[in-house]
Amino acid sequence: MIKMEMAKSKTNHKKKVIIIIILFFVCIGSFFVSVGKGSLDISFDKVIKAIFIEKDTVNHQIIWNIRLPRTLVAALVGICLAISGAILQGVMRNPLAAPNIIGVSSGAGLMAYIILILFPKYYYLVPVGAFVGALFATLLIYLLAWRNGVSPMRLILAGVAVSSLLGAGISSLMTLFPDKVAGAVGFMVGGLSARTWPDFNMLWPYATLGILLTFLFPKKLNILMLGDEIATGLGLHVERTRMMFIVFAALLAASAVSVVGLLGFVGLIVPHTARLIIGSDYRYLLPSTALLGASVVMICDTIARLVFDPVEIPVGIVMSLLGAPFFLFLLRERRSMER
């Protein structure tokens with residue numbers, strides 16, 4: 001019996017590893033599609049030559065200076081928001097939890113707006129400010145939801161309220177300083193237009209830190225998913241662990257928001273889709289969510305560039321067109337489960 005269980009576990013492990021490998025190649029394919037497609041289509045072999053071999057060609061200038069940094073930013077943003085959503089869904093044990101829904105992204109966006117509008121000379125502090133804003137929003141949500149402990153449902157409800165409040169703050173800034181928010185529309189819906197190497201260099205240190213910290217503790221997320229009583233019985237300090245992961249989620253969401261703005265639905269649809277594909281074990285869910293998140297944002301950004309070429313729409317609009325129906329699907333499924 002034990003041998004049968006061990007064999008079944010090994011088979012299950014192999015299947016999940018194969019799924020992750022497939023998602024890795026999907027991500028690589030999405031990368032080359034994003035880099036190669038645009039007003040000027042560049043074939044796969046020419047993309048390779050332009051990146052690694054040819055240095056003085058038009059293709060090299062287009063790819064290296066315009067498309068490659070934008071694509072890398074899109075991939076990192078997708079990873080950050082998707083993992084942030086996966087963390088929040090696990091911590092709150094609710095498939096509807098996502099950075100943009102519970103207020104984490106709004107907190108980051110408000111602080112980013114304050115720096116860009118009131119203190120434009122310190123634009124390089126936007127990621128730090130966005131993290132502070134996201135962390136403040138997270139702590140506020142936590143305090144509002146606290147009543148002899150924190151329940152996932154109270155966290156969701158408090159998050160929606162805080163998100164609405166912070167959204168009003170962003171709208172107020174746009175109203176009071178209309179001359180300083182020329183790029184506000186792109187920021188509000190999330191956009192990757194004109195993202196270059198300085199944006200990538202500003203993003204990757206914070207994103208890398210958040211990703212590495214999260215990948216160190218997948219087993220603790222698995223234990224949290226079992227419920228507070230069981231997790232406490234297994235020796236886990238539930239509140240401390242929950243707060244640690246919420247800080248990780250805030251760091252990841254703030255990193256993305258500081259560069260592309262309030263890009264919604266990535267943190268909602270990607271983790272849930274990955275969970276349907278590979279299951280709820282965070283040892284496999286985190287890498288699959290990261291790969292799927294990068295792929296989705298890169299492909300959606302490519303669609304945003306091409307669908308009305310030469311006019312470009314913000315990638316957040318494409319994500320909303322995909323995410324809104326998916327969100328309604330989740331609500332309907334959740335309602336049917338509660339009956």
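## Exercises on an all-residue model

Of the 339 residues of the protein, 50% count as buried, where buried means under 20% relative accessible area, exposed over 50% and partly exposed in between (1.4 Å probe, protein chains only). This is a predicted model, in which local features need pLDDT of at least 70, side-chain atom pairs count only at pLDDT 80 or more, and totals for chains, interfaces and linings use all residues. Residues are numbered from 1 along each chain as its sequence is written, and side-chain values use heavy atoms, with hydrogens and water left out.

**Exercise 1.** Find where confidence is lowest and where it is highest in the protein.

*Solution.* Start with the scale: pLDDT is the predictor's confidence in each residue, from 0 to 100. The protein has a mean pLDDT of 84, with 91% of its residues at 70 or more. Next, go to the helices, which are DSSP runs (H or I, at least four residues; strands are E, at least two), numbered from the N terminus. Helix α8 (residues 184-189) has the lowest confidence, a mean of 64, and helix α14 (residues 282-306) the highest, at 94.

**Exercise 2.** Check the span of helix α12 (residues 238-260), then decide how enclosed α12 is.

*Solution.* The expected span is 1.5 Å times one less than the number of residues. For the 23 residues of α12 that gives 33 Å, and the end C-alpha atoms are 33 Å apart, which agrees. Now count burial: 19 of the 23 residues are buried, so α12 is largely enclosed by the rest of the structure. Following α12 comes Gly261, with a positive phi near 90°.

**Exercise 3.** Repeat both steps for helix α13 (residues 266-278).

*Solution.* Its 13 residues should span 18 Å, and the end C-alpha atoms of α13 are 18 Å apart, which agrees. Ten of the 13 residues are buried, so α13 is largely enclosed by the rest of the structure. The buried residues include Leu268, His272 and Arg275. Just after α13, Gly279 takes a positive phi of about 100°.

**Exercise 4.** Is Ala194 buried or exposed?

*Solution.* Locate Ala194 in the loop between α8 and α9 (197-215). Its relative accessibility is 61%, so Ala194 counts as exposed. Ala194 also has a positive phi of about 65°, although it is not a glycine.
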